[in-house]
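Please read them with the sequence and the coordinates open.

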Amino acid sequence: MPFLLSVAALSAAALAYEVWLVRAFAIAQWHHFAYMIISVALLGYGASGTFLVFVRDRFAGRLIPGFALGAVLFGITAPAGYMAVRALPLNALEILWDPYQPLYLLVVYVALAFPFFCAAGAIGLALTQRPKSIGRIYCADLLGAGAGALAIVGALFLIPTGDCLGLIAGLGFAAAALALISTPHRRNWGFALMVPAIAGAVLWPADWGTPNPSPYKELSAALRVPGRHIVAERHSPLAWLAVVDSGATPFRHAPGLSLARGSEPPPQLGVFADGGAMTAINRFDGDLKAAAYLDAATAALPYHLLRQPRVLVLGAGGGSDLLLARYHDAAKIDAVEVNGDMVDLVGSRFAGFAGNLYQTPNITVHVADARGFVAAEQRRFDLIQIALLDSFSAAASGLHALNESTLYTVEAFRSYVSRLSPGGMLAITRWLSVPPRDGLRLFATAAQALRSIGVEEPGRRLALIRSWKTTTLIVKNGPLTAPDLKAIRSFCADRSFDIAFLPGMTADEANRFNFLDRPHFFEGATALLGPDREAFLERYKFNVAPTTDDRPYFFQFLKWQTVGELLGMGSGGLHLLEAGSLMLAATLLQAALLGTVLILLPLTALRRGPAAAESFPPLFRTRISIYFLAIGLAFLFVEIAFIQRFVLLLGHPIYAVAVVLAGFLVFAGLGSGAASILGRRIGISRRSAVRLATMCIGVLATLNLVIAPGLFEALHSWPQPAKVAVALGFIGPMAFFMGMPFPLGLAQTADRAPALIPWAWGINGCASVISAVLATMLALHFGFAVVLLLALGLYAMAALCLSR
């Protein structure tokens, strides 16, 4: 039992490190590194199989010291590897034109994969040395991993990000100590190792593990201005919030402010989320004249079409949109903010600076996910406004390309419109991109949402305007009237804004103030409403098709067939190549290269080593390879698809990563334990058990595809703990059966060819390395449903290989 606890502890440390790296890279770089981290972790697991091929005999009879060595090395290299990577000048923005960036990425892979290599090598050694206990060891491995994934999220709520790295390192030493304590003659060594375990958890200097934001992120740029400094911080799994005092050089944060107006913002505090997207807290003394500058932005348009509206703001941020609503005498203002720390900063810590904005009688602030709040709310609003809170530089460079954004999907738009009063309006402001991308995709998604609820002429309900920096889309619950159109034209003329689309407008009304070579926005919007919209979407240089909950990648605009053309434009086309998509492609290429090498090396060794003496038929070896390759791909296909899909239900990627990883690992661990019981107590053969598991996976995956969309929509209004419980209940049965094929196949291999166990472990790990990134790539272009269907095909292939 102590040894199984040590396995669980080491696995918990490894998974906690994986989730922690996702957060650390979101702060230091950007969110899209999450899938690279999963691939890095699995690379370490795959490499450990190769290592065990070569050292299997040397560790014969030395399981406990070998396991303890791997755990200690994990405790050392986990913090050391991250500190080494933190010192690298890695910049995703330069990956195409800086020849050193791919090399830095390779160093990141190796340095961060090594701790996982150590942990997986120790666990793989246990599976190799104790083949009769494969089911129990694998079960402890997965149960510990699931516990670690959940525990680190809880820890990130309680302590700063940097401190958590010491806890993870300490847990690695604790795993080694538990392993040594399990044998009487090494017990003293085990108690001695408890000292660095406790020291790592308690005495770890936070600065050693604190992520440093990229010098290209907004916070780094802001702090380079003399006199600016951080005056407050908040840490949580949702975001690291840093509040910056502008010093002698004031912030002037007013997205899309008209160049024809003389108003300017009051003094502001900048609030940066994960060192990136900035929102501003305005100094406010109760005099609404200070908010007059907000009326010179495109976001003010709906207030010139409505009188004293009941307003719902999705994304309260620093409160600018609430000030705008107050300036226009809104009757009632409800604001939704997903991050409670942001609400605390504006409503408590800097309440005096903000003029006690959140304590205003007609303002109510809700800490909730935007989609969930709208789904639960029974009231109707005259105006629903989605705030512009993300970063212009990150959006313009394509760094959000891999971000799932369920705010901007067809299903989301339907939900918003359903909560509008008759004649009410949905207003969404986005950054302007040229050639048009965000604005046209927003327009296409809104038009498709209106068609899906039976509106035959969606163009009569849509208006799109633009400034030099932003676009604002209006979706009305009813046709736009002649007074509406007159007010929009007057609003734009007074502020030198361009009308991109209005019902009945002509091309000569577009492109008057902020001049482009052609009226691209008007032409695109008109085409998206016409009968040939599918042909337009096909020939347009960028992907501006409507986004859905199955493919919620609103910021992914790159079409791979245009990459050559963009590269041919020289430096002028490089900014149109999305950094997120390029990073994913580079990661996939490196993962495939390293994974292939890790598979080929054991094959070469097996031809010359002890496995060759056992004279395995080539067909047998091929089937073993296909079996473990298929289940490695399939498991991660399902897991990655579920992580991306459950962002919709749980409201944030870090919650989805932690809950889905924990659910799959815990229930897969229970399934692996049950797999051995099927044979010992019930008498079902391993082949039959794999076929049974595959059938159950197929049935449950099909139910997922059919039930999940409607179920998630219905559960949006539930409290977060209840949604987590439902998510685990939803994941559990499928993960339970997904946990069976690996130990059953490994046990079958152990009976017939024990020398092939490390090989099988390595092939499975390397397949997982590739599938973690490949699944994301497939989901980007084909959707989650296709990824799940491919996983079912792979499971069926695996069952066929084992049955034969």
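1. Basis. This is a predicted model, in which local features need pLDDT of at least 70 and side-chain atom pairs count only at pLDDT 80 or more, while totals for chains, interfaces and linings use all residues. Residues are numbered from 1 along each chain as its sequence is written, and side-chain values use heavy atoms, with hydrogens and water left out. Helices (H or I, at least four residues) and strands (E, at least two) are DSSP runs, numbered from the N terminus.

2. Four-stranded sheet. Four strands form an open sheet in the order β1-β2-β3-β4, and the pairing is antiparallel. Strands β1 (229–234) and β4 (278–282) are at the edges with a single partner strand each, so one side of each has no neighbour in the sheet. Neighbouring strands in this sheet are turned against each other by 25 degrees on average, direction ignored. Two strands count as paired if DSSP finds at least two bridges between them. Axes are lines fitted to C-alpha atoms, for helices over the stretch in contact, and angles run from 0 to 180 degrees between N-to-C directions.

3. Strand β3 (residues 268–273) runs antiparallel to β4, and five bridges join the two. Gly 270 stands opposite Ala 280 of β4, and Phe 272 stands opposite Met 278 of β4. Four residues lie between the strands of this hairpin, where Asp 274 takes a positive phi near 55 degrees.

4. Burial of β4. Buried means under 20% relative accessible area, exposed over 50%, and partly exposed in between (1.4 Å probe, protein chains only). Met 278, Ala 280 and Asn 282 point one way from β4, Thr 279 and Ile 281 point the other way, and all are buried.

5. Helix α11. Helix α11 (residues 340–349) lies across β1, β2 (241–245), β3 and β4, at about 120 degrees to β1. Its buried residues are Asp 341, Met 342, Val 343, Leu 345, Val 346 and Gly 347. The buried residues of α11 pack against β1, β2, β3, β4, β6 (332–337) and β7 (363–367); contact here means heavy atoms within 4.5 Å. At the start of α11, a side-chain oxygen of Asn 339 comes to within 2.9 Å of the backbone nitrogen of Asp 341.

6. Eight-stranded sheet. A further open sheet has eight strands in the order β7-β6-β5-β8-β9-β11-β10-β12, with mixed pairing. Strands β7 and β12 (498–501) are its edges, each pairing on one side only. The twist from one strand to the next averages 20 degrees. Within this sheet, β10 (residues 462–466) and β11 (residues 470–476) pair in the antiparallel sense over five bridges, and Leu 462 has Val 475 of β11 as its bridge partner. Helix α16 (residues 482–495) lies across β9 (420–431), β10, β11 and β12, at about 5 degrees to β10.

7. Aromatic pairs. The structure holds 27 aromatic pairs. Rings of Phe, Tyr and Trp (its six-membered ring) pair if their centres lie within 6.5 Å; planes under 30 degrees apart count as stacked, over 60 as edge-to-face and the rest as tilted. Tyr 17 and Phe 74 are edge-to-face, 6.0 Å centre to centre with 90 degrees between the planes. Tyr 17 lies in helix α1 (residues 2–28) and Phe 74 in helix α3 (residues 63–86), so this pair ties together parts that are 57 residues apart in sequence. Tyr 17 is buried at 0% relative accessibility, and Phe 74 is also buried at 0%. Ring pairs link Tyr 17, Trp 20, Phe 25, Phe 74, Tyr 82 and Phe 116 into a cluster.

8. Charges over rings. The charged end of Arg 130 sits over the ring of Phe 3, 4.7 Å from its centre. Arg 228 lies over the face of Phe 251, 4.1 Å from the ring centre. The criterion is NZ of Lys or CZ of Arg within 6 Å of the ring centre and within 35 degrees of the ring normal.

Definitions and conventions:
Polar contact = N/O pair within 3.5 Å; in protein donor to acceptor, adjacent residues only side chain to side chain.
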